[in-house]
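Dear colleague,

Please find below the sequence and the structure that I am handing over to you. I would ask you to keep both open while you read the notes that follow.

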Amino acid sequence: MNAAEWHAACDRRLAELGVDPREARRLADDSAAEALASGLHPAELFGPATAYATSLASAARQPLAAPLARARGPVVLRLAGVTKRYRRREVLRGVDLVLRGGEVAAVVGANGSGKSTLLGVCAGSVKASGGTVERAARIGYAPQQHGVAPYLTPDEHFRLFGAVHGMGARKAVATGTRLAAGLGWRPRDTVAGKLSGGTQQKLNVVLGELDRPDLILLDEPYQGFDQDSYLDLWAQVYAWRDAGAGVLVVTHLLHDLDKVDHVLELQGSEDR
Amino acid sequence: MRKQWLHGFLDLSLLCLLAERRDYGLGLGQRLAEAGFGDIPGGTLYPSLLRLEKQGLVQTDWETSTVGPRRKYFDLTPDGRAAAAARAAEWREFRAAVDRVAALAEETA
């Protein structure tokens with residue numbers, strides 16, 4: 001790969017990662033000038049083009065556009081004594097939680113402890129066997145599976161989900177594209193079924209945020225994410241929180257928990 | 001291990017070097033090597049500098065040279081100067097704590 005090819009590969013990767021084209025151009029020009037000044041081949045100075053572009057894109061990523069102010073503090077989710085049984089198997093037993101806008105709750109527990117079931121109960125897609133669930137009217141939900149339609153492109157998803165929220169097609173696509181860039185992803189004209197698992201999950205997350213909901217429910221969003229995207233996602237979770245949304249995240253990475261407001265540990269199912 | 005440590009402390013080290021004097025990328029790389037960090041790959045160094053720039057701690061300008069190609073110089077902003085001092089103080093506190101526990105391992109060895 002000659003120097004020009006190296007720079008072209010770097011530039012392409014920056015664009016793929018959702019870096020603004022003008023910013024990408026500036027970064028590429030800087031890199032070229034720096035390599036010229038050093039008298040080294042860019043690969044010698046910076047390493048492989050795609051890896052370098054990935055580091056640059058991560059360093060250059062701006063915080064998302066200032067979020068709209070939202071009412072801060074009202075309860076967006078209240079669980080009281082929520083239970084869920086499948087036949088004799090008790091999946092959830094007496095779960096209580098009060099989540100306010102501007103707070104993050106992490107749901108932890110072993111595989112099979114009912115984390116996804118609880119999220120479904122919060123979203124209203126799973127009916128609780130007992131207890132009460134109150135939640136804000138506008139919610140965003142990024143489930144672990146089945147969140148995307150395999151034969152629609154990302155833009156078609158944005159228009160479809162935007163329409164549900166009464167958003168115009170153009171605004172829905174613009175908002176979706178901006179949110180995707182915040183996760184280091186530039187959606188292209190590919191149907192969702194052909195996207196990698198990590199990218200599908202990014203699409204899920206974007207769809208969950210499209211309407212600036214008061215309550216955001218995320219299920220294991222890191223699955224398939226690379227490390228940088230994973231960190232970006234947590235930055236995003238805190239950005240939503242700071243904007244006043246209540247965020248419920250299913251996770252099992254313990255190091256995330258020192259910054260969250262509530263930790264809900266599920267004990268797992270029991271046969272009775 | 002050293003590599004992981006460096007990742008954690010490169011930003012601090014760059015702020016401190018720039019507090020001493022403004023410099024261009026390769027110059028910073030050389031000064032890091034002289035300080036005992038070994039060779040820092042450009043693929044690590046430049047993204048760090050970019051991150052500091054985005055955080056408003058570092059500003060850059062291009063300088064043309066009569067003898068060589070133009071060079072990009074990095075310098076601290078006022079915020080960067082304050083951050084360098086604050087982080088250096090934090091680092092000294094942290095280092096003292098690690099030194100105290102490291103001494104325990106040496107005593108028993």
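**Where the two chains meet**

In this predicted model, 15 residues of chain B are in contact with 15 residues of chain A. On the side of chain B that touches chain A, the elements that give two or more residues are helix H2 (25-37), helix H3 (42-54) and strand S3 (71-76) of chain B. Of these, H3(B) gives the most, with 7 residues. Sorted by class, the residues on this side of chain B comprise 6 nonpolar, 4 polar and 5 charged.

**Chain B**

The secondary structure of chain B consists of 4 helices and 3 strands. Read from the N terminus on, the order of its elements is α-β-α-α-β-β-α. Chain B has 109 residues, and buried residues make up 23% of them. If one takes the contacts in chain B between residues at least 6 apart in sequence, 49% join residues at least 24 apart.

Two packed helices are described by the angle between their axes and the distance between the axes. For helix H1 (residues 2-20) of chain B and H3(B), the angle is about 70° and the axes are 10 Å apart. H1(B) is therefore roughly perpendicular to H3(B), since angles of 65 to 115 degrees count as such. Their crossing is right-handed. Leu10(B), Asp11(B) and Leu14(B) are the residues of H1(B) that meet Thr44(B), Ser48(B), Leu49(B) and Leu52(B) of H3(B). By class, this contact between H1(B) and H3(B) has 4 nonpolar, 2 polar and 1 charged residues.

Leu49(B) lies in helix H3 of chain B. Is Leu49(B) buried or exposed? Leu49(B) has 20 other C-beta atoms within 10 Å, and is therefore buried, because the cut-off for a buried residue is 20 or more. Setting aside neighbours within four places in sequence, Leu49(B) is in contact with Leu14(B), Gly25(B), Val58(B) and Phe74(B). Leu49(B) and Leu14(B) are 35 residues apart along the chain, while their C-alpha atoms are separated by 7.8 Å.

**Chain A**

Chain A contains 9 helices and 9 strands. Of its 272 residues, 40% are buried. Among contacts in chain A with a separation of 6 or more, residues 24 or more positions apart account for 74%.

A helix pair can be described here as well. Helix H6 (residues 154-164) and helix H7 (residues 169-182) of chain A have axes that come within 8 Å and cross at roughly 120°. H6(A) and H7(A) are therefore oblique to each other, because the range for roughly perpendicular ends at 115 degrees and roughly antiparallel requires over 145. The crossing of H6(A) and H7(A) is right-handed. From H6(A), the residues Pro154(A), Asp155(A), Phe158(A), Arg159(A), Phe161(A) and Gly162(A) meet Ala169(A), Lys171(A), Ala172(A), Val173(A) and Gly176(A) of H7(A). The contact of H6(A) with H7(A) divides by class into 6 nonpolar, 2 polar and 3 charged residues.

Asp261(A) is placed in the loop between strand S7 (246-250) and strand S8 (262-265) of chain A. With 14 other C-beta atoms within 10 Å, Asp261(A) is partly exposed, because that class lies between 12 or fewer for exposed and 20 or more for buried. Which residues does Asp261(A) touch, not counting those up to four places away in sequence? They are Glu103(A), Val104(A) and Ala105(A). Asp261(A) and Val104(A) are 157 residues apart in sequence, and 5.3 Å apart in space from C-alpha to C-alpha.

**Nonpolar cores**

The largest nonpolar core has 48 residues, and Val107(A), Leu118(A), Leu217(A), Leu218(A), Val247(A), Leu248(A) and Val249(A) have the most contacts inside it. Apart from this core lies another, of 33 residues, including Ala28(A), Leu45(A), Tyr52(A) and Leu76(B).

With kind regards

Terms used: Residues numbered from 1 in each chain as written. Chains lettered and ligands numbered in written order. Predicted model: local features only at pLDDT ≥ 70, side-chain atom pairs only at ≥ 80, totals over all residues. Contact = placed C-beta atoms within 7 Å. Nonpolar A, V, L, I, M, F, W, Y, C, P; charged D, E, K, R; others polar. Axes fitted to C-alpha atoms, helices over the stretch in contact; angles between N-to-C directions. Parallel < 35°, antiparallel > 145°, perpendicular 65-115°, else oblique. Left-handed = near helix turned anticlockwise from the far one by under 90°. Core = buried A, V, L, I, M, F, W, Y, C linked by C-beta atoms within 7 Å.
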